[in-house]
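Have a look at it first, then read on.

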Amino acid sequence: MSTKQTIKSIMPSVVWNGLKSLKEQVSIRKAERIQSRRFMGWISREESTDKARIETRLAFDIHRLEKGLSHIEFRDGFGKGVLAEISKRMVLLEKADAGYLDNPLYLQGLAVLHEYQHRHEADGYDLSQVKALFPEHIWNKAYKYQPDDSINAGSFIMDTSSKANNLSKGFVELSEHRYSVREYSPEPVSQELLDRVYFVSMKTPSVCNRQATRVYQLTDPEKIRAALKIQGGFNGYDMPPVLLLITSDIRAFMNNGERNEPFVDGGLFSMSLLYALEAYGLAACPLNAMFNLSQDRATRELLSMPEYELPVMYIAVGNFPESVPACRSTRRKPESIVTRI
């Protein structure tokens, strides 16, 4: 008999179980500290000057500008604060990357600025204040830049008649042509279609088939407005006809080692849901649910969401209008993310 077995045999079970619980709590706190320290130590900060973290901030701001460029009601002169950030990150990237002229994020910065310049030029809008935000060489490079299919940014007009036969398309074609859409036609979304989408999404794998994901479907315009006001990331757009909140039921998980699994399983389900919406010809846009404590509390009160569920993400849903601007959101090349071992 081992020492551990001997101690267990002579120790009252209540004491043994108490010590076991204490050890588990110590392990949990240690894991939380290490995970938090690692995360906070490596995130991109305002003052970051290394290439990878500059690229993070630049990608974020390029997409913010793309969203403004993809509004149906285009507003001349928008985004000066974002443009100032793009200028700052492009200058920093020139210092951090000797090959910046071939850097995809730097080139996307030129591309999105190129569209911004030429859209305003076509409207006869004076960009002298915006021009002053940029070094002259970046401003001139952007004006002359010729985007191509591999390195691009900005917006394009999606002809949504191309979505009519989505169910007959193969997965590769379907996924290649899925874009986030933030503006929708006024017609209501068919509940029958939504139910088909949910049915398809239920094939999503989950840890040990525990199927922890839950979906809150909002169709009341006032409740949607209230939810998105709390969420704070859909400003400037009309309310979507349908808003879905994806959550994970924590009761489906069993130990601290699974503490991230609610978001893994919820994320997998959400992507299945987005593809199913696309297949059934519905427009959609994922929206973050990275709530602070106040947002979390207000959302729970609004939707009567219990404490044992974790919010994962919102998805705005509607029917496609006849045509709609969309962000290009250029993706990295596969070889830039794959490590072969």
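## Starting with one glycine

Gly318 has 0% relative accessibility, so it counts as buried (that label means under 20% relative accessible area, with exposed being over 50% and partly exposed in between, using a 1.4 Å probe and protein chains only). This is a predicted model, where local features need pLDDT of at least 70, side-chain atom pairs count only at pLDDT 80 or more, and totals for chains, interfaces and linings use all residues. Residues are numbered from 1 along each chain as its sequence is written, and side-chain values use heavy atoms, with hydrogens and water left out.

Where does Gly318 lie? It lies in strand E5; helices (H or I, at least four residues) and strands (E, at least two) are DSSP runs, numbered from the N terminus. Leaving aside neighbours within four places in sequence, Gly318 is in contact (heavy atoms within 4.5 Å) with Tyr184, Val189, Pro241, Leu282 and Ala283.

## The sheet around it

E5 belongs to an open sheet of 4 strands, in the order E2-E3-E5-E4, with antiparallel pairing. The edges are E2 (213–218) and E4 (282–288), each of which pairs on one side only. On average, neighbouring strands here are turned by 25° against each other, direction ignored.

Strands of a sheet pair through backbone hydrogen bonds, either parallel or antiparallel. To count as a pair, two strands need at least two bridges found by DSSP. E2 and E3 (residues 242–249) pair in the antiparallel sense over 6 bridges, and Thr213 stands opposite Ser248 in E3.

## Two helices on the sheet

Now for the helices. H10 (residues 221–231) packs on the sheet, touching E2, E3, E4 and E5 (309–319), and its direction makes about 60° with that of E3. Axes are lines fitted to C-alpha atoms, for helices over the stretch in contact, and angles run from 0 to 180 degrees between N-to-C directions. H12 (residues 293–303) lies across E2, E3 and E5, running at about 65° to E5.

H10 and H12 also pack on each other, at an angle of about 170° with their axes 9 Å apart. Among the residues making the contact are Ala226 and Ile230 of H10, and Ala298 and Leu302 of H12.

## Helices with a buried side

Which residues of H9 (residues 191–201) are buried? They are Leu193, Leu194, Val197, Tyr198 and Ser201. They cover an arc of only 140° around the axis, which puts them on the same side of H9; the arc is that of the directions from the helix axis to the C-beta atoms. These buried residues pack against E2, E3, H11 (261–279), E4 and E5.

H3 (residues 51–69) has buried residues too, including Ile54, Leu58, Ile62 and Leu65. What covers the buried residues of H3 includes H4 (80–96), H5 (104–122), E1 (155–159) and E6 (323–327).

## A serine to finish

Ser70 lies in the loop between H3 and H4. At 4% relative accessibility, Ser70 counts as buried. Leaving aside neighbours within four places in sequence, Ser70 is in contact with Ser155, Glu183, Tyr237, Pro325, Ala326 and Cys327.

And back to the glycine: Gly318 and Ser70 are 248 residues apart along the chain, and their C-alpha atoms are separated by 17 Å.
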